[in-house]
Each structure stands twice: as C-alpha cells, then as structure tokens.
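I am opening my notebook on this structure and writing down what I looked up, entry by entry.

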Amino acid sequence: MKKILKIAKLELSILFFAPVAWLVLIIFFLQSGNRFLGLFGSYQEAISMGNQVTDLSFAMFPGTGGLFEQTLQNIYFYIPLLSMGLMSREISSGSIKLLLSSPVTVKEIIFGKYLAITLYGFLLVMILLVYALTGGVLIRNADYGLIGSGLLALFLLICTYAAIGLFMSSLTGYQVVAAISTLAVFAALQYVGSVGQDIDFVRDFTYFLSISGRTDDLLKGLISSRDVIYFLLIIGLFLSLSILRLKAARSPQSAGMLLMKYTGIVTAALLMIYLSSRPQFIWYKDLTANKVRTLTPNSQAVAKQIKGDLSITTYVNLLDQNVYAGLPVSRNLDMSRFDAYRRYIPGLKMKYVYYYDITDLKNNRNMVYQGDLTGLTVKQVAEKVADNMGLEVNDFLSPADIRKRIDLRSEDNNFIRILEYQGRTSKLRLYDEMDAFPLETEITAAIKRLIVPAPRIGVITGHNERSILKTGERNYESFLNAKKVRRSLINQGFEVAAVTLDSGSVPVGLSLLILADPATTLKPAELTALKSYIDNGGNLMITTEPGQQQLINPILKWVDIRLKEGALVMPSNDNLPDQVIATTFREGMPVAMPGVSALQYDNSGAFLADTLLVSAANGWNKQGELAKGATEISYRPDQGDVKGSYPTAIALHRTIKGKMQKILVSGDADFMSNKELSQPKGMNQRFSTTVFKWFVNGEFPVDTRRPEPKDNEILLKKRQISTLKLVFTGLIPLLIGLLGAYIIISRKRK
C-alpha cells in the first residue's frame, strides 16, 4: 500500500507541475459556476415576478440544463487530457523499462497511477460539492439526498472514464493517440447500446453493456445495485486489462495465451454485468425527499399483492401510428417503463406480438401510412409500410392469424397491452397526448383490476340519454368510455357499458347505475325495474336539465328530492346568464354547470343528504323560459324570481340490507359532458372523478399523488447572486490560477 501511495503522490506531482491540470480546474470551476449561478439568477427572477417555481433542487442540479446535466455532457472531454500521459509518457521516454525492473509489482504501478487520477477526479467532484453546498444553503428545504446521489453518479462516471483512459494510455507511447483512443472507447460504450436491438439475446446484452443512460437514475436520486455494479465492473475490467498489458511487457507471452487471458477477463466482466442487471438481483435505494423515484404507497400495496407471474403482452400493429414504440429496436426502452414495478413484482414478464390489421382501411386516421390507398389491400399496405421501415412483413401475423388469437377490432387495432394474472385480464392503452404512455395511475389501476373486481357502471339507454359512445358535445363518451383519453374511467379501472331496462330488471353486479338526462318518459316496466333497484340498495346517479321537472320529479320523489321549477341564472360580464359556476360546499371548488335547476330535499326522508354543489349567492332562481342566447337578464321578483344560493348537486346515502347505498342527483347534466371537459370553465374533471371515487369507496381511480416539493424558495436577492457570481467565477478561479503559477514557477526554479 505504501508503494501505491508513493506512486500516486509522484503522479500527482507530475500532473500539478504542468499547466494542463490547473487549466482544467479553472475551466471546470468557471463552467460550473456560470451554469449554476446563471440558473440561480433565472429562478430567483421568476420567483420575484410572482411565478410559482417548485422542485428547485431537481431543476438546479440533475434537471434539463442543470449543473449535473451539463457536467455529464462535458466531463468526458477532460479525462482524456488528464489520463493520456499516465503510461504513454513512461513508454515514450523509455522509463517504462526502469519502472518494470524496479522492486514494485505491476498491480502497484497500475493502482498507484489510477489512484492519482481518481484523486484528481475527486477534486473535480469537490468543486461540484462547493456548488451543491451553496445550493443546499440557499434553497429552502433543499433535497440533499437527490444532490448527494448526483455527486456519487458523477464520481463513479469519472472513475470509470479514468480506468479506460489508463488502459488506452498503456497501449501507446503517443499521448495524443492515447487521448483520441480514449474518446473512441467512450463513444463505443455509448453506441453499443444501439447495436443488435432487433435480435433478442444481442439486444439485452448490448443494452446492458452500454454506458449511455447509466447515470440517469443515480443523477435523479435512485441508487440501484445494477448501475453501481456496472461502473465497478467496468473499472475492474480496464484495470485488469492494464495489469495484463504491463505483465506482458515485463514477461512476454505467446499471442494465444494473451488472447485467452484477455478473452477470459472480458467474458467474466460482461457476464457479471449481465447477471447484475437481472431484475431479481437488483437492490434499490431512493434518496429523494419525497421518494419520487419509487412507486407511491398505494401502488406499492397493489404490486405487493401480486404473487407469482404477471404477464404483460403488448400487441403491436404494423399499420398503427404508434408502431415504433413497440418494435424490437425500442423494446428495452419500452420495458424500462415498468422498472419501478419490477422492484415489487419479480415475476413480471413482458411479451410482444406483432401483426398487421386495420378496422377500416379507408377511414382510419390512426394508420401510419398516409398515402393513396386506391386499389390496395390490407396486405399490400402492410408490405409498403414494412419495406419503408426495413422490416419483413412475414414477421407480422396476418389479420386472419391475429384474430384467431385475439380480436382487437373493438380497440381499432391500436397499440395495446393485455395484462394477465391468475386467469384475469385487464388492458393498458396509449392516449392522444404528447406523452401517450400510461403513467403510474393507469398502470396501477390495470394491475389492481387483476386483484379486485373492476367496478361496473351501467348507463341507461333508450330515451335519448347522454351517450357513452358518441362524441357530440352533450354526451359522456370522453369521461366515461373514451379509449384514447387518459382520464376516461375505462382507463382508470372501471368497466362502463350501456344497459337497457326493457327486460324489467337491472343487470346484476353493477356498482353504479346512471340515468343521464332522459328526454322521454321511461316505460312502466322500466320504472318498475328502476324502483326495485333503488329499494334493493343499488347505487344510482341521476343527471337532468331545466325543463325536465315533469319527467324527472316522479323518479326523484323515490329518493325524497325535487327539481324546483325554473332555472338558475348568474349575472356575468363574460358568460351567458345560464352559465352557472357552482362551488363545492366545503372546499369551494368551482364547477361549471351550463343550464342548471335547483334541488330541494325532504329532510324527513330515509336518506341522509349532503349538499355537494351550491350556486353563488348573487344569482337567482328564474321562473319561465330563458331566451336562447340571451346575454342580459334582469331580476323579476314579480314573476317569481327568488335570489339566493341553491343546491345544484346532492349526495344521498343510507344503510340498507347490510350495505351503504349511495345516490347522487345533479340539476345539470352537462357538468361532465364532452364539451365541458374539453373546454373547462371550472374544475369539472376533478369533481367528476371525485364523485365516482366516492361511489366505489375509493377503490378507483388509484390515488398516486405525492406531497408537493418544498424546495420552492431561494434565500438570496438578485444583487447578492451577482456578488456570489463575482466570487465564484472571478475571485476563486483567479486564486487557483495564481496558486498553479506559483507552484509551476517554483518547481522550474528548483
């Protein structure tokens, strides 16, 4: 050990007696300071102007454009400059012969030189630590775990680069060649992850060999044994190769023997890298303050209930516009979207099925091919697409073959995943959004449906009610049954279906029955079925509109509610008078209700009532018809208008036959319509979701919310940041430069 330290000390003295080491320190300090303090100034200015800025620790350090992200982009330029002379200097000067004949082992030589370069790398990390501590002091409630994990990631990366640089330096006596070769190896390790991605075994092997993205999780606060072991194994691999190279120089061996040793070392390292990346061998530690790199407690609870294998089969349609997301070249990226779940579900298996099919060849907007379809068959279109993408159409199942296995026409043959566990299935879709992939909420809901029965919602049809299948403004398709809308209930764990009461009974097993603004009177048999459903404790939602009092009040009478005559209006400079903004009774959440009637509840009834929404006190209940499109309205007490705040949505509950019955009545049917959710004037989406969560006792949608980040304040003013910038980017680099000049000049004089 003493000899290793002596060699390291000598190497450091050589390094710091040359200007390169000092220049690198100065440039690194300046680059880091300009980035760090520039961001500080930008965020401080934004906060001073009243903008809300949160998660400052992430934004300042590992976030896009942050200090750590910039360091990651630049650090590989510095290491070759520092490592290129470690061994090549000895080779070119001839001192390698003296070194090899001296009473030191080859391992001591390599470890000593490596220790020197890693100590210099540690010095670079200490510069980052200065800025990290500054950020920790100046950001209120800074996330120290996140920052510390990022520093560890950069140090491991520097150590890895240093080991590579040391080996490349041992191969040549030309320092420039050593530097260029080191950069080439860096590039190869970055590029290798894209090699052979369309071949199963090769794809896994090269993907896990690649250094690209290895620091991502570490920089963002998640330490995994997979990433740490990868860096340690790469370091060990190149140090072992360096030792073998020097031993060969000291004691020449046959080419065959050397090749066998090199192959053995490389094979062993690659095998260990591959094994350490297997899900069952990975250990994780989330260092972030709010554990944002780990599933939320609700998701963890769901995942831990999966015992055994959970199969996720992804069906990828060659003709679908999302085909690229599921192709073999994208498979590792696609599988990484479920990494957080593998921590708790070791038996998670992912399969891929490739096919081509189209529901309607001439009228399909989701098809990847947008050319002229005249005279083309589905197979001919598939051949065109496959040829353009460099694929073989024979690798994709034909429409007939895929339909024998599973018929996806009800899903318009879109990209879809089928989850299977102990005979149960659920679906995960892609959505028409910028980020189309399901997130934790949707994934957990799909998994939970495999464990607990999905809540079944029946929507009554037959009387021109609001439809779950139509996209028109008045209908409920978007919120209840839109396959490509993330927040639609069918993507949040619910099953939704249209039902009729023609048979005189309500389908068995419903969690909720919805009567959504019927335009005509229900038949006697249908009314009997509905009355029986209520009397037996079934959950019910009724939505209606002004002018429907005669039709709906006979039904509402069964639950002791009456729709008052007239319609509520609210004067406004921006909206029509009947555009009422109701608020939740307790939280004051605004909910837009365009055209709403007041509700009245009989307190002597069997139900306990809870007013959910109330109209504003400056509005009134207007009698008579409101002229369509009227922009002005006047209060007419002589015509029966009554000012005040009125209930617009009431929730009822009672215990019957050993269970809790829940009923909701709304005087407006538009609050969760396609139009109101696409052009929100209030928090209708949130309110509607809360209502359905109440109906199913909180089972769905799954709550994956996290605590809000607390690091949202900078404890410095703009002028103070300018002063700090002068110190970090002016004074300290100047002192480093003066110290370096003094040491170099003093050395030359001696």
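How much space lies in the largest cavity? I found about 50 Å³ there, and the structure holds 3 cavities of 30 Å³ or more. A cavity here is a set of points, on a 1 Å grid over the protein atoms alone, where a 1.4 Å probe fits but cannot get out, and lining residues have an atom within 4 Å of a point. I note that this is a predicted model, in which local features need pLDDT of at least 70 and side-chain atom pairs count only at pLDDT 80 or more, while totals for chains, interfaces and linings use all residues. Residues are numbered from 1 along each chain as its sequence is written, and side-chain values use heavy atoms, with hydrogens and water left out.

Lining entry. I listed the residues around the largest cavity, among them Lys-427, Tyr-431, Glu-442 and Arg-449. Strand S6 (424-429) and helix H19 (440-448) are the elements that give two or more residues to this lining, and H19 gives the most, with 3 residues. Helices (H or I, at least four residues) and strands (E, at least two) are DSSP runs, numbered from the N terminus.

Salt-bridge entry. I searched the whole structure and noted 24 salt bridges, each being a side-chain nitrogen of Lys or Arg within 4 Å of a carboxyl oxygen of Asp or Glu. Arg-466 forms one with Asp-517, the closest N and O atoms being 3.0 Å apart. Arg-466 also meets Asp-670 in a salt bridge, at 2.7 Å from N to O. Asp-670 lies in the loop between S20 and H23 and Arg-466 in the loop between S7 and H20, so this pair ties together parts that are 204 residues apart in sequence. Arg-466 counts as buried at 4% relative accessibility, and Asp-670 is buried with a relative accessible area of 14%; buried means under 20% relative accessible area, exposed over 50%, and partly exposed in between, with a 1.4 Å probe and protein chains only. I also traced a network of salt bridges that links Arg-466, Arg-474, Asp-517, Glu-545 and Asp-670.

Key:
1 Å grid on protein atoms, 1.4 Å probe; cavity = no way out; pocket = protein on both sides within 12 Å on 5 of 7 lines; lining within 4 Å. Points joined across faces, edges and corners; volume = space filled by probe spheres on them.
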